[in-house]
Amino acid sequence: MRKKIIAANWKMNMTAAESVSFMEDLELELKNFDGVEIVIIPPFTALPRVSELVSETPGVTLGAQNMWHEASGAFTGEVSAAMLREFFTRYVVLGHSERRTIFNETDELVNKKVKAAHAANLRPILCVGETLAERDAGTHHAVLSKQLKGSLAGLDKEQMLDTVIAYEPVWAIGTGRTATPAQAQEAHEFIRKTLAEIFDAGTAAKVRIQYGGSVKPDNAKELLHQKDIDGALVGGASLDPRSFAKIVKAGARG
Ligand code: PEP
């Protein structure tokens, strides 16, 4: 019922020229990905080139890594939702832990961005996740609940259905340390339960929840076959077209 969504978050990697050769290689690798939606999330500077290539590849859509919530004005260094839509960007990652920690983004700011994305017909991929200290202290449910309630405040059910949640335990991002499939499933189930509290059970059952945190070709299949895991947000392993294609195939039907 929930189509798997597997996204490549390139972070601050790949020039426009490098992204073109990545897309050519990926197309060669991707033969069998029935039932999976692929999202390529390049840095802003590669969006125009990747947009052209994505438009020629069925089943692949474009995402951006961030945006500012105001429509225009004196916000040096920022881009608006309309600027992203100009290149047919479909998704935007919001509240990534790197934005929350390095750039001090709060749930309140993330919430403004989530609303501005919806107003521009961009689908947010909202990232939530606990730190290692929070997990060790047994507070990961409280952290996830606070992030979800804060970042999704004021959304209606339709907007929630057009939002993807990415559960990304901070201790697993770029560390090579993955949550076990059981740990990930437990957190995803909790997130779905929280969405049912905020919206309703029917809405929560339809929302796609990705796992992110050191997803690799050799651990993807087991993670992607957990009941509440509907895809992956992939950082490091998405920079190699062969690895990324293997992860996509691990989520494919059959
Ligand atoms: C990410 O940045 O969203 C991520 C999950 O990175 P990695 O796959 O490298 O852990």
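Before the first click, one cut-off: a residue counts as buried when its relative accessible area is under 20%, and as exposed when that value is over 50%. Keep in mind, too, that this is a predicted model.

Start by selecting S214, which sits in the loop between β7 and α11 (217–224). Is S214 buried or exposed? Its relative accessible area is 9%, so S214 is buried. Now check the backbone there: phi of S214 is near 55°, a positive value in a residue other than glycine.

Next, jump to N121, in the loop between α5 (107–119) and β5 (123–128). Here phi is again positive in a non-glycine residue, near 65° for N121.

W10 belongs to the loop between β1 (4–9) and α1, while F22 is in helix α1, so the pair ties together parts 12 residues apart in sequence. Both W10 and F22 are buried.

Then select Y167 and Y211. This aromatic pair is tilted, with 55° between the planes and 6.3 Å from centre to centre. Y167 is in strand β6 (residues 164–167) and Y211 in strand β7 (residues 209–212), so to speak a link between distant parts of the chain, 44 residues apart. Y167 is buried, as is Y211.

For the last stop, colour helix α1 (residues 16–29) and helix α12 (residues 241–251). How do α1 and α12 pack? Their axes are 9 Å apart, at an angle of about 40°, and α1 and α12 are therefore oblique to each other. The crossing of α1 past α12 is right-handed. To see the contact, show F22, D25, L26 and E29 on α1, then P241, R242, F244, A245 and K249 on α12. Sorted by class, this contact has 5 nonpolar and 4 charged residues, and no polar ones.

Notes:
Residues numbered from 1 in each chain as written. Predicted model: local features only at pLDDT ≥ 70, side-chain atom pairs only at ≥ 80, totals over all residues. Heavy atoms only, no water. Axes fitted to C-alpha atoms, helices over the stretch in contact; angles between N-to-C directions. Helix = DSSP H or I, 4+ residues; strand = E, 2+ residues; numbered from the N terminus. Parallel < 35°, antiparallel > 145°, perpendicular 65-115°, else oblique. Left-handed = near helix turned anticlockwise from the far one by under 90°. Contact = heavy atoms within 4.5 Å. Nonpolar A, V, L, I, M, F, W, Y, C, P; charged D, E, K, R; others polar. Buried < 20%, exposed > 50% of the residue type's maximum accessible area, 1.4 Å probe, protein only. Phe/Tyr/Trp six-rings, centres within 6.5 Å; stacked < 30°, edge-to-face > 60°.
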